Amino acid sequence: MGLRIKLAATAIGILVISGCSKNAQLGEEMDHSTMNQHMEDMDHSSMGDMMEGHMSHDDVVMLHDSTGENELKIPTMLERDAGEGIIYTVRAQKGKTEIFDGTKTETYGYNGSFLGPMLRFEKGDKVKIRTINELDEDTTFHWHGLEVSANVDGGPHDALKPGEEKVIEFEVAQEAATLWFHPHPHGKTSEQVYNGLAGLIYIEDDNSKSIGLPSIYGENDIPLIFQDRKFDDKKQLNYTAVKNEDGTIGDTLLINGTLNPKLTVKKEKVRLRLVNGSNARNYTFKLSSGDPFVQIATDGGLLNEPVTLKKVTLTPSERAEIIVDFSQMNSEGEIALINEEGSVLLPFKVSDQSGAVSRIPGEMNDFSLIEEEMDLPVTKKIELFGMMKMVTINGKKFDPERIDFTQQQGVTEVWEIYNKPDMMGGMIHPFHIHGAQFKIISRDGEAPPENERGWKDSISVKPDEKVKIAIQFKHKGVYMFHCHILEHEDNGMMGQILIE
Ligand SMILES: [Cu+2]
């Protein structure tokens, strides 16, 4: 026991020396018995690795500026299969992709070598998807944000072996939103996403199609999937070599798989569907000009009213739709999407052409959080804790045989999600729940910011923050809830809820 305490003290020592006063201070408040218990299996060197890996999240490596030499790739819209009904085929496959000029990088993709197509559904569609695993390893097809029965949700219980296929069916019963799909095999999600398995889902409905929002796909309605990667000197994605148990971060940004992207736009309002598809990196998006933009949608639907912002933060798996007005911009002027640290993510080239006249309606949706929901008692408590491999929810790691909670189908309950600080101060955990869109009631007792007053399926929770949400599941079965830092998820920061 004495040795373990010494190790813990050394860890705090490293922090003090590195001048990390915030963490050192919080370190004094650490729960020694818990941490010591976790350190049971650790030797000195793995302790050192852990500190290094974890501290890289306090001082995240900057992204290289995009040079803007490549036009942004737009994912193709997936065509339906021939025949009756709405049937799509989605295959997970391996391939080689020319991300860097003249070099082939080994990648994974859906229906192609890297990333995937966009699936466009309309509310009310009865969809069949033939999912095929052409990889050499198990995978699953998870529809992130889709409110579907648990047996087609594609969680870790639904692994397809190499060569296997499965047809799933569901009805799209939720409103217009930007969702995405990715694999979810337990312990392998982070690597498979890192290698390129991720695709987009657009849901449209009568409202989204009629209110005049920019909606010409690839022209003024642009999806942007942000993923940071670290390439080795052979320009390969060597996940094992760069893996960080606390979330793998890279210095090279790909947007829709495009290296050094730029986006050419007309003089018009352009809708950008921002998707944080990174394993672990958080982004705070701004315009280089300092101009404001408007946010029109959250993860799961349109906001009631557009919200004017100068920056928006997305943690892994969160989405936001924003509209940038280029109509008054000069084609000579320079403007780019940047992140808060100042890295140029996406330079825009404004052409001389004028584009469509679209408008941003003042009223877009009828999302509401009613008093009845706000007054409900908290009936589920989630405590997120730990770092690196020692991440837990309510003190436990994921066990596919254990059901952590039950909830009745169609009944709203209030969950309280708490991010318990650790001896290092802790880090943001993006918390995601499968199979449902939820409403944020409060953050630390305060009403959520205006741009979070819409449907959410993932939420960032800061260290020591308590978030209350109201959630209802429309379907039955066993769903996952987990941290969407993919390495945390793979390390067991995940639980299961049975909807009866
Ligand atoms: Cu986490």
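Modeller: Before we start, a nonpolar core is a set of buried Ala, Val, Leu, Ile, Met, Phe, Trp, Tyr and Cys residues joined through side-chain atoms within 4.5 Å, and please keep in mind that this is a predicted model.

Colleague: What is leucine 274 in contact with, leaving aside its neighbours within four places in sequence?

Modeller: Among its contacts are Leu224, Phe226, Phe285 and Val312, and the list also includes Glu318 and Arg319.

Colleague: Switching topic, what coordinates the copper ion?

Modeller: The copper ion is held by His429 through ND1, Cys483 through SG and His488 through ND1, at 2.0 to 2.1 Å. Histidine 429 sits in strand E26 and cysteine 483 in strand E30, so this pair links distant parts of the chain, 54 residues apart.

Colleague: And is cysteine 483 buried or exposed?

Modeller: Cysteine 483 counts as buried, because its relative accessibility is 0% and the cut-off for buried is under 20%. Histidine 429, at 1%, counts as buried too.

Colleague: Last one: in what order do the 5 strands of the open sheet come?

Modeller: The order is E23-E22-E25-E29-E27, with mixed pairing, and the edge strands, E23 and E27, each pair on one side only. Strands E22 and E23 run antiparallel to each other over 2 bridges, and leucine 384 has isoleucine 393 in E23 as its bridge partner.

Methods:
Residues are numbered from 1 along each chain as its sequence is written. This is a predicted model: local features need pLDDT of at least 70, side-chain atom pairs count only at pLDDT 80 or more; totals for chains, interfaces and linings use all residues. Side-chain values use heavy atoms; hydrogens and water are left out. Donors are N, O and S atoms within 2.8 Å of the metal (3.2 Å for Na, K and Ca); water is not among the atoms, so sites may look incomplete. Helices (H or I, at least four residues) and strands (E, at least two) are DSSP runs, numbered from the N terminus. Buried means under 20% relative accessible area, exposed over 50%, partly exposed in between (1.4 Å probe, protein chains only). Two strands pair if DSSP finds at least two bridges between them. Contact means heavy atoms within 4.5 Å.
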